[in-house]
Amino acid sequence: MANRMQQQFYLLLGNLMSPDNNVRKQSEETYDAIPGSTKITFLLQAIRDASAAEDVRQMAAVLLRRLLSSAFEEVYPGLTIDVQMAIKTELLASIQMDSSSSIRKKVCDVAAELARNLLDDDGNNQWPEILKFLFESVNSQNVALREAALHIFWNFPGIFGNQQQHYMEVIKRMLVQCMQDQENPQIRTLAARATASFILSNESNTALLKHFSDLLPGILQAVNESCYQGDDAVLKSLVEIADTAPKYLRPNLEATLQLCLKLCADTNLTNMQRQLALEVIVTLSETAAAMLRKHTAIVAQIPQMLSMMVDLEEDEDWALADELEDDDFDSNAVAGESALDRIACGLGGKIVLPMIKQHIMQMLQNSDWRYRHAGLMALSAIGEGCHQQMETILNEIVSFVLLFCQDPHPRVRYAACNAIGQMATDFAPTFQKKFHDKVISALLQTMEDQSNPRVQAHAAAALINFTEDCPKALLIPYLDNLVQHLHVIMVAKLQELIQKGTKLVLEQVVTSIASVADTAEEKFVPYYDLFMPSLKHIVENAVQKELRLLRGKTIECISLIGLAVGKEKFIPDASAVMQLLLKTQTDFNDLEDDDPQISYMISAWARMCKILGKEFQQYLPVVMGPLMKTASIKPEVALLDTQDMENMSEDDGWEFVNLGDQQSFGIKTAGLEEKATACQMLVCYAKELKEGFVEYTEQVVKLMVPLLKFYFHDDILYMPLQSMPLLLECARVRGPEYLTQMWHFMCDALIKAIGTEPDSDVLSEIMHSFAKCIELMGDGCLNNEHFEELGGILKGKLEEHFKNQELRQAKRQDEDYDEQVEETLQDEDENDVYILTKVSDILHAVFSSYKEKILPWFEQLLQLIVNLICPHRPWADRQWGLCIFDDVIEHCSPSSFKYAEYFLRPMIQSLCDTSPEVRQAAAYGIGVMAQFGGENYRPFCTEAIPLLISVIQAADSRAKENVNATENCISAVGKIMRYRPECINVNEVLPHWVSWLPLNEDKEEAVHTFNYLCDLIESNNPVVLGPDNTNLPKIFVIIAEGVANESIKSDDDCSKRLANVIRQVQVSGGLWTQCVSALNEIHQKAIQDLLNAA
């Protein structure tokens, strides 16, 4: 009976490998239904049964490893002690007895997986027999056993658990001995891989890395040997060390670089091996740039990448290709280009540009087209990393590159277009401002290249890059010429499409038209009728599968033109366009998931929504279904160990992240871009339609909130953050109960995300979104648990801020510290400060909503905020510390005074700080002290006045960097006069104060000053108006400047009060003439605008 069942099981294992999908699927269901303990028994028997087919036994070993990896806790602890012992014994016996090396290797993987799971939380290895087995095997005369021991240790280098330190010398001796095995190259290779694996699993143990540094020459020797045996496994391990533990390579960095450059240059090796050798250097430039920069002599060999970029083949059909193939990422040319880009970014332009410039120039003068092509592609690649250095010689570079638009070889002309397009993006808008005339004419000329459609299309693509970042005013003079060229090409290519079915150039030209319209905006109106009929014609007729991308791009073009020219011009076509879109939409269910039209359609709907405004609401029932479907795409993900990962290809759209410990996380990226676009559009609808979107808020919130944990795509992660405040706005119309329910659904997820998000860019967005939501919801929106959790998180963020500053100081003492490292540290510092600003935003939202009743909760953060404003701290810390205390004074007074001992002295002293940002925060604090603080603050307002005036009257007080601080000081003086007149001689200061007006930069404070000015005028203050109203012309100039500067918004009360002042003067003929004659043309228009608007 048992034998029959075992035979059936073998049959099942065979079927699991069947090429027939149905057989395989059915077998997987049958296998999954077998209880775990039974599986273990059958699988072990299959592995040990020498009479079974080899592939069946291998499959059994793979399945047993997977079972232990994915379901250990569910299966193993439930087995009896005897069965557990039997499994351990069977595995070790199988390794010792089996004659098949591939089976032995697979069983070693099973044993390593079991050992990994039998290491408890304290690091005790509950399978001591395997350690004994390792020691015996590694010293055995039997090569197969030595291999097995190394394979297990390579797979699970943490196998010694808490005994590792105790066995350290034994481990080292074992590895050295195996690396020196002269008779067995496979042992040397395996020992090198095992050593690398051990180093990687102890990457942060500096003492261990140092202790094992003398094994690195052996690893390098094994890299060299194994590459020439056609095995790149050790080389891959070296790449991992460069990525994870680069400091380990320091003692032998010279030898490591020499070896990699030698391998990279050896054309006898495979492309993959040469590229992996290059990858070691490139990875080091990213993970240990400062260490690498010190080896300038060796780094000067880097132009070898340029020689890889020349590795191109002549292809006669290249220029006529109508489908754009994805870059061949296995090719040396593409690998060299990518490496150059990364090295330039890693090492910085100061080192890379001087080293490479001469080589590129020589390549561009070579008679072989491949060298000229490579030189131009190299220029494209280094733009981002060498930005600063290239900017100074951009004139020379651009003049040179433009010559190649006329090169005799089409692929060189293509590369020239590529370089122009890349520089247009990397150096925008400087590039557009300096070279618009040369570049536009060169690209238009290249777009005439009828016999080389691929070059034509790339010239159009470069034009798109150029116009996307081109200031509107620069583009307008070329509009006629551009439009004429684009129209001629579009008409010609439409004919070609009808006659020959070719479409590549048309696809790019349609996008070029869209890009020009997008930049030109309303100036595109005269050309609208030239293009719209043809574009509508394409959408109506380009229905074949191979024209999907063209149709999608045309839909994008129509919607962008509509947005550019505005509703009035577009409205006659709007209905027809909507019908075309609706028709595509109803066919939506027939579209395949990867149809490129989907994301273009989704974006087009959102633009139509912007154009039509509220009128778009009627289309929501049609649009929302497919949009929600696309936004809800769930990517395929998998947790894989190294062996499984090798069976999955990145070509199938899988991307992998190495988690260490032989495990990787895989995600299939298909559909993610579409998902991101769809989520973006939902945000757009919520923003544009407001309460008109209320029907959909619930389903959108349920979709968005879980995306806070969507770590696979940054753009998608940002969408819920942008949407939440907008969705709350939409939901308001349904009443407070509905709104509160929706907020509760968001709130917990947001707080958790603030606590756990590791990426500082994403974290700052989460904090910003949370603060906006609190401001929207107001008092009562957070319960005690929320506050407890939030308090702990904010405390953690502030403590982390101080800790990071200390770490940066420590890095400044490091032996590899140089000015580029300092730049990186400055960037890190800016990131930290940005998070600090978001802590301040959240506290501002909480204070403004909860007022003084939140102060007891705030006290847990008090000491940390006080630390921020200590005199020795960086200016940004002091600025944001003061801003937080400004909020305490503004929203929690008079209770705020109980903390005055902590902030009053630093605030008053900061009025004269050398940093304008600190002065501004302090001056704002004095202003709110006067306005909201209460009686206790009176003497401090008096004390601040001379300090405020000295800042305002300083010689450079209106310099660009000082003006905001100065305007806050002026506003603070105004607030003291207005709210605390007993602290100041108002009549003495008032004439000076009026002479300092208006405020032009700080719009919020400008409103305060204008309101106070209105108070003074309306009460006929003699000091302000002067005898016989002689100061009125001067007041008119102040008001006019405020309006011209947009410091006064037309819809607020302040503008109405100012308009009334002007109207009163209007009726007194002579005075009016006197006031208006003092105004220039701009001021007169501003006064008229104010009267019309108010």
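**Loops and helices**

A: Start with Pro998, which sits in the loop between helix H49 (986-995) and helix H50 (1003-1018). Helices here are DSSP runs of H or I with at least four residues, while strands are runs of E with at least two, and both are numbered from the N terminus. What you're looking at is a predicted model, where local features need pLDDT of at least 70, side-chain atom pairs count only at pLDDT 80 or more, and totals for chains, interfaces and linings use all residues. Residues are numbered from 1 along each chain as its sequence is written, and side-chain values use heavy atoms, with hydrogens and water left out.

Most peptide bonds are trans, and most residues other than glycine have a negative phi. There's another cis bond from Ala428 to Pro429, with omega near -5°. Pro429 lies in the loop between helix H24 (410-426) and helix H25 (430-446).

Asn1020 is in the loop between H50 and helix H51 (1022-1025), and its phi is positive, near 55°, although Asn1020 isn't a glycine. Asn1020 has 55% relative accessibility, so it counts as exposed; buried means under 20% relative accessible area, exposed over 50% and partly exposed in between, using a 1.4 Å probe and protein chains only.

Lys690 has a positive phi too, about 45°, and isn't a glycine. Look for Lys690 in the loop between helix H36 (672-689) and helix H37 (697-704). With 45% relative accessibility, Lys690 counts as partly exposed.

H36 itself is worth a look. H36 packs with helix H34 (residues 620-631) at an angle of about 140°, their axes 8 Å apart. The axes are lines fitted to C-alpha atoms over the stretch in contact, and angles run from 0 to 180 degrees between N-to-C directions. H34 and H36 are therefore oblique to each other (under 35 degrees is roughly parallel, over 145 roughly antiparallel, 65 to 115 roughly perpendicular, and the rest oblique). Residues making the contact include Leu620, Val623 and Leu627 of H34 and Ala678, Leu682 and Leu689 of H36, where contact means heavy atoms within 4.5 Å.

One last stop is H12 (residues 216-228). Its buried residues are Leu216, Ile219, Leu220, Ala222, Val223, Ser226 and Cys227. Just after H12, Gly230 takes a positive phi of about 80°.
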